[in-house]
Amino acid sequence: MASIRNHAEQHNADIYRDYKKDKKVGEGAYAVVYVGRQLSTKKVVAIKKIKIGQFKDGLDMSAIREVKTLQELRHPNVIELMEVYFHKTNLNLVLEFLESDLEMIIKDKSIVFMPGDVKHWMLMTLRGLDHCHRNWILHRDMKPNNLLLGRDGQLKLADFGLARDFGDRNRQLTAQVVTRWYRAPELLFGAREYGYGVDIWAIGCIFAELLLRNPYLPGNTDMDQLDTMFRALGTPTEADWPGMESLPNYIKFKQYPKTPLRLLFTAAGADTLELLESMLIYDPNRRISAREALLHPYFFNKPRPTPLENLPKHVRETPEAAKLKRKAEALDAYDLTSEDGKRLARRLDFTGMS
Amino acid sequence: MSTVVENKDTNGAAPLTTTSGSSSSDQAENAKAEGQLKEVQLKQLYEQSTQYNHWRYTQAALDNLRNKVNQEAIACIKQNIGEERLSVDGLPKDLSFLKVEEELALLGFYERKIVQIFQHWKLPSHTTATAIVYMKRFYLENTVMDYHPKDVMMTCMFLARKTENVLMNIEDFTKALKALPSAILNLEFLVCKNLRFHFTVHHPYRPCLGFFYDMQAVTDNMERLQRVYEAALKLIDTSLHTDLCFLYQPSQIALAALRIACQDESYDFESTTQKYNQTLLPILESIENVLKTDPRCVEVDRSVVQEIDRRLKTCKDPAKNPESLM
Ligand SMILES: Nc1ncnc2c1ncn2[C@@H]1O[C@H](COP(=O)(O)OP(=O)(O)OP(=O)(O)O)[C@@H](O)[C@H]1O
Ligand SMILES: [Mg+2]
């Protein structure tokens, strides 16, 4: 019998044998995600299995986009793609395993956010995004559920199934990207030429959501999304956003007045609101970039970003373990010199909400 | 001199640490520093790419690899043909295996087919270039005696249309090429594996445009510069049929192409591109040498290719032939 001379085939078989799927941890639109192990190193990993069999055009575009972009991106705030292999008719992506995501944390109402927590999450999100943008890659699906959090507190951009490179400005892109609540106004108006601004708008919405603990612009339909947006931020005029009226799906809306952000975000400081506002500028050309945002005074002013190890964590734990932990925390509260104690004390002290 | 370093401080002391050595309040000085900064960062970015980290070779390494793959395949096919005929003595008389140069000549023919078809479809040059580089990478560790270049070519074209976001569905694609969908879909996994799932390929076209913009800023003869640029693009098209994509960086190939085009148009290259310093010169000269002397820059005669293809049919591995009894 002929031996396998194709080295790549051999390599693929070797990788496949080195990984074992243990348990399903998530399911997305086109993939199932498992927690698993690399047998040779005992390392815990996530394995994202993409079913190819169902696609008549072979390897599907989401898989291609995700693999293509993640292969080129190496950054502490971008999920690491460790290996890729085929098995039967499935494509498997081996990713670093991350405990939870920002959506879980936002929804876990037992956790109180400190301004320094929000600042550090924003910082990590922007660093990851800046790295993508510097590599001419648009993420196009920024939302809390795609920002994964590691046990050590690191936040990482994940789910690059919609990502694409953005080298040529004149190329036509699809407006059907980004989950509705985080979708930029130019996309809602059907723009076919857009850029980094769509990711920044989404980050602005996430920023607001972290401050409010609720989705900021939860529209029910695309039309309602625009209405919700304009009620919150005022209806833009052609002067605010030159070129708006010539976008493909532009429609005239009722003229809502612009209400200052501080009326809704009562607890947020002036620098916080200024950064938020510059992310939610209607005109994509005037919207802040990731790099500029990272240099915004918000990140240099007090309070400092909460150290990684002290950031709130959402751990999937048994009810017993949770009860024990709460007890321990209550005890710690008496010892205000301990890190947890300080944390608990700060949670009770809302004067820190500048 | 100032440098920006990515902040590794996980506690997030500062979002981006900017360290400035001297107090260069002078605006021009700042602008210059910023320019250098941009270049340094772009270089660093390129050095993180899969292309830089996995697909760079020396000419000697390329030659060795190809010889090894060719020799191994011949040994294996000989044995398999022998087994099929029950003894090695029974090898057909007219059996003559392909040499590496012949394999490359055949691939050159199919590379130019890609160019023709993609031009017909009005696809941008970098999409064509991506399909060609996919095929080149595939055949670094494989031989045409195992996988016929026509099938691999179609698969690389189909894949490049996806990775470059100009997707065409399989029915339209195969109808246009008079092929069977299965011929492509069966090979797609294998091609992906051989590409090590690295789908991003950087080409000289984009840096060439960048240099063109830079040169525009200082030119006093826009018309001639335009001709230089167009000639450089043609040279880049030609470079796709050589090994240059494995040997040099896209920006180096772009600059070398511009330099040759400048000479041909008697356009002053040195003074308009001073900032690309002398250390680059040997690199530019070796690229120029390839572009001017490599036989693969010229299309081979159709009859030569037909003869190679005819011989290829006799020396295919029966173990990879579905009609064989093996
Ligand atoms: N690296 C990982 N570590 C742990 N869990 C993960 C990881 N990647 C994904 N998951 C889990 O699997 C779910 C689906 O993954 P992902 O978002 O990548 O797939 P998707 O098909 O693109 O999903 P969707 O279309 O719903 O956004 C995530 O919401 C998350 O809960
Ligand atoms: Mg997701």
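Reply: Cys245(B) counts as partly exposed, at 23% relative accessibility; buried means under 20% relative accessible area, exposed over 50%, and partly exposed in between, with a 1.4 Å probe and protein chains only. The model is a predicted one, in which local features need pLDDT of at least 70 and side-chain atom pairs count only at pLDDT 80 or more, while totals for chains, interfaces and linings use all residues. Residues are numbered from 1 along each chain as its sequence is written, chains are lettered from A and ligands numbered from 1 in the order in which they are written, and side-chain values use heavy atoms, with hydrogens and water left out.

Over all chains, the structure holds zero disulfides, a disulfide being a pair of cysteine sulfur atoms within 2.5 Å. Cys245(B) is accordingly in no disulfide, and the nearest cysteine sulfur, that of Cys297(B), is 12 Å away. For Cys315(B), the closest cysteine sulfur belongs to Cys76(B) and is 13 Å away, too far for a bond. Cys315(B) is buried, with a relative accessible area of 0%.

Chain B contains 15 helices and two strands; helices (H or I, at least four residues) and strands (E, at least two) are DSSP runs, numbered from the N terminus. Contact means heavy atoms within 4.5 Å. Of the contacts in chain B between residues at least 6 apart in sequence, 76% join residues at least 24 apart. The accessible surface of chain B is about 16200 Å², and carbon and sulfur atoms account for 53% of that surface; such areas come from the Shrake-Rupley method with a 1.4 Å probe, and for residues only the protein chains shown count as cover.

One span of chain B carries an annotation. In an unreviewed entry, UniProt lists residues 112-193 of chain B as "domain: Cyclin-like"; UniProt positions follow the numbering used here, feature names are shortened, and annotations may be inferred rather than shown by experiment. Residues 112-193 of chain B are 72% helix and 0% strand, and the end C-alpha atoms of the span lie 24 Å apart.

Helix 4 of chain A (residues 115-134) is largely enclosed by the rest of the structure, because 20 of its 20 residues are buried. Trp136(A), whose phi is positive, near 60°, follows helix 4 of chain A.
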